[in-house]
Amino acid sequence: MKQRHKRMVFFIAVVIAAGLAAWLILKSFRNNLVFFFTPTEVKNGVAPSDQDFRIGGLVKTGSLERSNQDMQVRFIVTDNLNNISISYSGILPDLFKEGKGVVVQGHQNANGEFEASQVLAKHDENYMPPEAAEALKQTKSLHEITGSTLINSEK
Amino acid sequence: MTPEIGNLALSLALIITIVQAGASFWGAYVKSELLMDIGLSASRTQFIFSAIAFLSLAFSFYMNDFSVLYVAENSNASLPIQFKLAAIWGGHEGSILLWATILSIWTVAVSIFSKQLPRMFRARLVGTMGSISIGFLSFILFTSNPFERLIPAAINGRDLNPLLQDPGMVFHPPVLYMGYVGFSVAFAFAISALISGELNKEWAKWTQQWTLLAWLFLTLGIAFGSKWAYYELGWGGWWFWDAVENASFMPWLVGTALIHSLSVTEKRNAFKVWTVLLAILAFALCLMGTFLVRSGVLTSVHAFASDPKRGIYILILLSLVIGSGFVLFAMRAASIAKGESFELISRETFLLSNNMIFMTAAGSVMLGTLYPLFLDALGLGKVSVGPPYFDTIFVPIMAPAIILIGISIFSGCKHSLLIQVLKKLNICLITSIAMAVSITFLLGQWKPMVTLGLFMSFWILSTAFYHIYLQTRQSAKNTISSILALPRSYQGMMIAHIGVAVFIIGVTMIKGYEINKDTVLKIGEKIAVGSYIFSFNNITTVNGANYIASRGNFTAFKNDAQKALILEPEKRIYAAQNSQMTEAAISSGVFEDVYISMSEQINHNSWSVRIYIKPFANWIWAGCILMAIGAGVALIGKKYNLAQSNKQN
């Protein structure tokens, strides 16, 4: 093979490899995008029924029920307009508290209940997960409910 | 008084860096020795003032001066002294001050260890470093001043976030920043080369030294962070593909590509434009990392700032530095382009492929990290990219690079026949496939990913040791001393590659054979997990320095072993913020870690707990440390070579 041909072959190999990589990356990217919805949007049926998504809001005060046998818990996530009941089995993060912001990831089961595979409450006491803050902002109830929390975090 | 001294020192440092940048660049332009000298002395003076500013802040923490807002927010009278040290960089203002101080350390190091470089080149180096300092110092003074007073003073501080009250936080941020900021030196070398239009092997040798040092710190910093997440976040993960972790991982990937590309420029005088581009990109990603972490667009334990002014300032700084870098690159790249050509099947081609793979990996991490931010910024909705994305793409992208490690060390410089290389490597290929398959088989379960992972590790190890054997068998000395006689840069490369193999073994084993059990245990109850029997003995209340803990006592018996492991995880309540923390108990060994953390009290005598058996966990960090050691050994070799070549001149 002449030098020029060799370079041609190399070039084609690179193009094929790059194409394969791009295809792999984009395919995997699409499959793993997790969309976020507010409780109101979920109630309105905007959320997908066949794939995982996230819901953000506040853990409704007084809604947390624990089993005293196993790690099953139930609670309600609210944006102060609509409530979604969540069932979850597993360890709750340290900062999970009633009345505080939370983000749950999972899917809706046949009887309309949300089965969470992950519960996220972030690291700082005063910190509100942005998705949760967003959900509350959309119902315009952010200030009356969490005014004090937010003032703290803005110092 | 102290905060005012700090403030003054900071303002003086800013003025001096303006002199440093101005005098150096102008001096190099008009070829004035005097101006260039002024630039040099300014670069040393600004270091002194940055250090004074930093020490003033440290002193305020030491004195519990809660009339300083930043101290009041991040410390507390009852905070143990070592964590007060960590608290200096526990918040936004302090960590940016740490950034600037570390930049001044690198600047002074560059000004001292660049005496052999041509005067004008050296002046441009110092000037570039000075310009970056101006950006960061003014950022501190105008948007994030750690010396701001709180009048009236707080009676006590809000305390450091309990998650950061850990010895790891004393080391992780400074080491990581040494890495981030260290890439500014490679950037400055690239800029100076572009301005002067001169780029030769000597340039590559110098840049390689500084890049290796920065990469060493970055590697260690990332490894420390991962280890910290493993034991301190309490739930046993060691890498979450969290945006903040990605922010440090992207410069690491590009920095790794840069080291490999520099080695070609150094030996063959090729890849010049590409190398310069990588040097600019690596530092750009470091700045972007700082922007992501500090601007508040990301939310995590690292994001303290929610002030949009800061985000915009960093964004402007970022675009100025990167923008001027790329404009200069576009204008001047042609002048340095005349490199030597190389054959198609040669080490150069393989290293170029390695570079492309690393860039693809960095690009895919960037896509997953930035896409949600863009979508959010444009108001198109909120999404997140799950860790499975990164997990699925990373193995297929990186696997070819791992295979290339073996092939490229055996292919000669410039040209060799692929067939010859592969013939030589037959034995390694067969050995590593056979070992990978038989080990997976012995472990009982057929897991293709485990076989693949083990194959890649054994491939690296067998090719490395085979190559070392070929290098040393002719030697008359014994094996050890003939290995020690090999060039340092070769030894460093081999150590780093072996580190990669060790790392892959750790990841493979933990992904393949980790056992996880989340369960509810009564006091006195026993449970079998893996080859261990765990029993939950009791719960006691313990008073710590600034927290109260419920401490569980667990014993773990291995089937055949006589001795039991005792594990005491805690659930802590930190008084100052009334916040709860899970403190895992880990019995760490060479071949496995036993890991317990307590989640919550279910009723009066039972708790929910998480138990892990994590095989080969320590190999992950050991691999990273080996990579860093490799960089260090190569660096010693480089210094020695430079000293030699200077003597000859």
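**Entry 1: domains of chain B**

I began with a distance: taken over C-alpha atoms, the centres of domain 2 of chain B and domain 4 of chain B are 39 Å apart. I keep in mind that this is a predicted model. Next I looked at who makes the contact: domain 2 of chain B gives four residues and domain 4 of chain B gives eight residues. I sorted the domain 2 side by class and got two nonpolar, two polar and no charged residues. For the bounds, I noted the assignment for chain B: domain 1 (1–165), domain 2 (176–386), domain 3 (391–511) and domain 4 (515–618).

**Entry 2: a sheet in chain B**

I then traced an open sheet of four strands in chain B, with the order E2-E11-E10-E9 and antiparallel pairing. Which strands are at the edges? I found strand E2 (515–522) and strand E9 (585–588) of chain B there, each pairing on one side only. I also checked how the neighbours are turned: on average 15° against each other, direction ignored.

I zoomed in on one pair. E9(B) and strand E10 (residues 592–603) of chain B are joined in the antiparallel sense over four bridges.

**Entry 3: nonpolar cores**

How many residues does the largest nonpolar core have? I get 183 residues. The ones with the most contacts inside this core are Ala186(B), Phe189(B), Ala190(B), Val254(B), Ala279(B), Ala282(B) and Phe283(B). I picked Phe283(B) and left out residues up to four places away in sequence; Phe283(B) then touches Phe183(B), Ser184(B), Ala186(B) and Phe187(B). There is a second, separate core of 25 residues, and its members include Ile91(A), Phe96(A), Val104(A) and Ala116(A).

**Entry 4: chain A**

That took me to chain A, where I count four helices and seven strands. From the N terminus on, the elements run α-β-α-β-β-β-β-β-β-α-α. Of the 155 residues in chain A, 32% are buried. I also looked at contacts between residues at least 6 apart in sequence: 53% of them join residues at least 24 apart.

I followed strand E6 (residues 101–108) of chain A to its partners. With strand E2 (residues 53–59) of chain A the pairing is antiparallel over six bridges, and Leu58(A) stands opposite Gly101(A) in E6(A). Six bridges also join E6(A) to strand E7 (residues 114–120) of chain A, and these two run antiparallel. Here His107(A) stands opposite Glu115(A) in E7(A). The hairpin of E6(A) and E7(A) has five residues between the strands, and Gly112(A) in this hairpin takes a positive phi near 75°.

Pro152(B) sits in the loop between helix H6 (119–143) and helix H7 (168–196) of chain B.

Asp159(B) turned up in the loop between H6 and H7 of chain B. Asp159(B) is not a glycine, yet its phi is positive, about 85°. Buried or exposed? I call Asp159(B) buried because 24 other C-beta atoms lie within 10 Å, and the cut-off for buried is 20 or more.

Trp241(B) is another residue other than glycine with a positive phi, near 55°. I placed Trp241(B) in the loop between helix H8 (201–232) and helix H9 (243–268) of chain B. With 19 other C-beta atoms within 10 Å, Trp241(B) is partly exposed.

**Entry 5: start of chain B**

Last stop: Ile15(B), in helix H1 (residues 2–30) of chain B. Why do I list Ile15(B) as partly exposed? Because 14 other C-beta atoms lie within 10 Å of its own, between the limits of 12 or fewer for exposed and 20 or more for buried. I also took one distance along the way: the C-alpha atoms of Ile15(B) and Asp65(B) are separated by 28 Å, with the two residues 50 residues apart along the chain.

Note on methods
Residues numbered from 1 in each chain as written. Chains lettered and ligands numbered in written order. Predicted model: local features only at pLDDT ≥ 70, side-chain atom pairs only at ≥ 80, totals over all residues. Domains from an automatic or database assignment. Contact = placed C-beta atoms within 7 Å. Nonpolar A, V, L, I, M, F, W, Y, C, P; charged D, E, K, R; others polar. Pairing = 2+ DSSP bridges. Axes fitted to C-alpha atoms, helices over the stretch in contact; angles between N-to-C directions. Core = buried A, V, L, I, M, F, W, Y, C linked by C-beta atoms within 7 Å.
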